[in-house]
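Open the model in your viewer and keep the sequence panel beside it. The stops below can be selected by residue number.

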Amino acid sequence: MFSSLGLFQSLRCPDGPGCTRPRCIFSHKKDILPPPALVIPIKSASTSTVPTKRPISSPIRPGAAPSEPPRKLQKLAPPQRPVPASHTNDGVPILRVNAAQSLVPVPVRQTMLKTLYDHFVVLYHSVLPKHPSLASEHALKQEEEIYKKSSKLTYRNAVITCAAALKRRAIPDSLNHASVGTEAELAARAEARKSRQALRLSRDNLEPYIMSKEDLESWGYFVEIPDAPGGIEPSLEGKLAKCERCAQPFLVKRKEEADKCVYHWGKPFTTTAGGEKTRIYNCCSRPVADSEGCTHGPHVFYENKAEVLHIRHPFSFLESPSPTSTALDVAALDCEMIYTTGGMRVARVSVVDGAGKEVLDEFVRMDDGVEIIDYITRFSGITPENYATAVLPLASIRKSLDEFINTNTILIGHALDNDLKTLRIIHHRCIDTVVLFPHRMGPPYRRSLKDLVREHLGSTIQNDSTVGHSSLEDAAATLDLVRHFVLNKPPVKSKPSSS
């Protein structure tokens, strides 16, 4: 056996007197103190630093609602691919083409695209604030047009030629200006305009589009002269009437003495904001529910019944044709009206022939006893200065019209019923652009002449809201609309004309 080294002689034997080992390695002396007790501190559960397990949230356990699906069952969105930029830092559009299929190197095309973009930015500087992407869109279209029409050798020169053409264009002031568009779009509009101007409207090509007597009545035309005597009360000055603007009764007075009215000169329309539809006025964008007007002006009244209009000034038919008549086969007519003490009366008459040539443009002096209340220059274009040049009253203007139109003349107009009513003319051979180009909601809704010209002719009229309309411009535009219709629309069945 090995001898003991005595390493544990300082420790009391754990078995004490009951030790049975013959040669114990521990000490059996009584004066040796017992070893200190081992004490392990135990903290309460509330202050334990040992992490606790998350409670099991399984639908198997009754009453336990899952807080979130297991990680392996969660649906994750696919990784988002970076969207390629559509413009450079300078705002130049980036060309997206297949380099392998492009006959011209893409870097060259991108450089030429920047040249076109810079020229369109200069050209459209007046309209870009409202249409910021217009220059980019047209630059891309223009570059594509040039690429398709040119070869690898002529491409660069074609772009330079186009840039020079852009410099020569007039600066547009609206999106409907003739200078807005690519070279191909301008050429197409010019060709369409040339075709329209070459078409001289005649009875033969317009006969199928003449409105029947039933159509005239359904669109508000007067087809018969009222039986009551005409012209017996030309003015309502000093009498009560209902204001067309504020719907309040008022005493009819001339312009210098008229009482003031607060009203909206614009029309209400429906708009959607925040998911809710709201009716607002296009003059001030205020809601229709707001009774307060946005404009101050005199009280005015409007009459539309045949008997009442006949009392103010008598209706009559046009003259019948005579063997020596020089009346036109086709004429486009438009009038401008103003508010008077005799209601709304004609203040300017314009007529163009089937080729678009002006044949009459006259201001109309009011009948005796009829005084002006409001020139409504914003719409009529009539000012005190040009009205002062009026010499002939309505009766004399009607005699002048007899030299150009008679009962066989086909009259063209936009909302022509209003013009014939203010001229006190009963006529049955009419073509109306509100019928040829109907509103999507159907009658009695009517599209404006300005919208029709912009959509179908690609041009703009009535552009300055402060100057007002021009009856001569509107008459020519109406004639062009009918030309466009005849050239592009299929013929309709012939209708029996009413005399």
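What follows is a tour of selected residues, strands and a helix.

This is a predicted model, in which local features need pLDDT of at least 70 and side-chain atom pairs count only at pLDDT 80 or more, while totals for chains, interfaces and linings use all residues. Residues are numbered from 1 along each chain as its sequence is written, and side-chain values use heavy atoms, with hydrogens and water left out.

Select strand β12, residues 410-413. Strands (E, at least two residues) and helices (H or I, at least four) are DSSP runs, numbered from the N terminus. I410 and I412 lie on one side of β12, L411 and G413 on the other, and all are buried. Buried means under 20% relative accessible area, exposed over 50%, and partly exposed in between (1.4 Å probe, protein chains only). In a regular strand the side chains alternate between the two faces of the sheet.

Strands pair if DSSP finds at least two bridges between them. Strand β8 (residues 330-340) runs parallel to β12 and is joined to it by three bridges; V330 has I410 as its bridge partner. Strand β14 (residues 430-432) is also parallel to β12, again with three bridges, and L411 is partnered there by C430.

Next, select helix α14, residues 471-488. Buried residues of α14 include L479, V482 and F485.

Move on to the cysteines. With a disulfide defined as a pair of cysteine sulfur atoms within 2.5 Å, the count is zero. C13 has the sulfur of C24 as its nearest cysteine sulfur, 3.7 Å away. C13 is buried, because its relative accessible area is 4%. For C243 the nearest cysteine sulfur is that of C246, at 3.6 Å; C243 counts as buried at 2% relative accessibility.

The last stops concern the backbone. Most residues other than glycine have a negative phi, and most peptide bonds are trans. P443 and P444 are joined by a cis peptide bond, with omega about 10°. A247, in the loop between β1 (240-242) and β2 (249-251), has a positive phi near 65°. A247 is partly exposed, at 43% relative accessible area. I376 has a positive phi of about 40° and is buried, at 14%.

How values were computed. Expected span 1.5 Å × (residues − 1).
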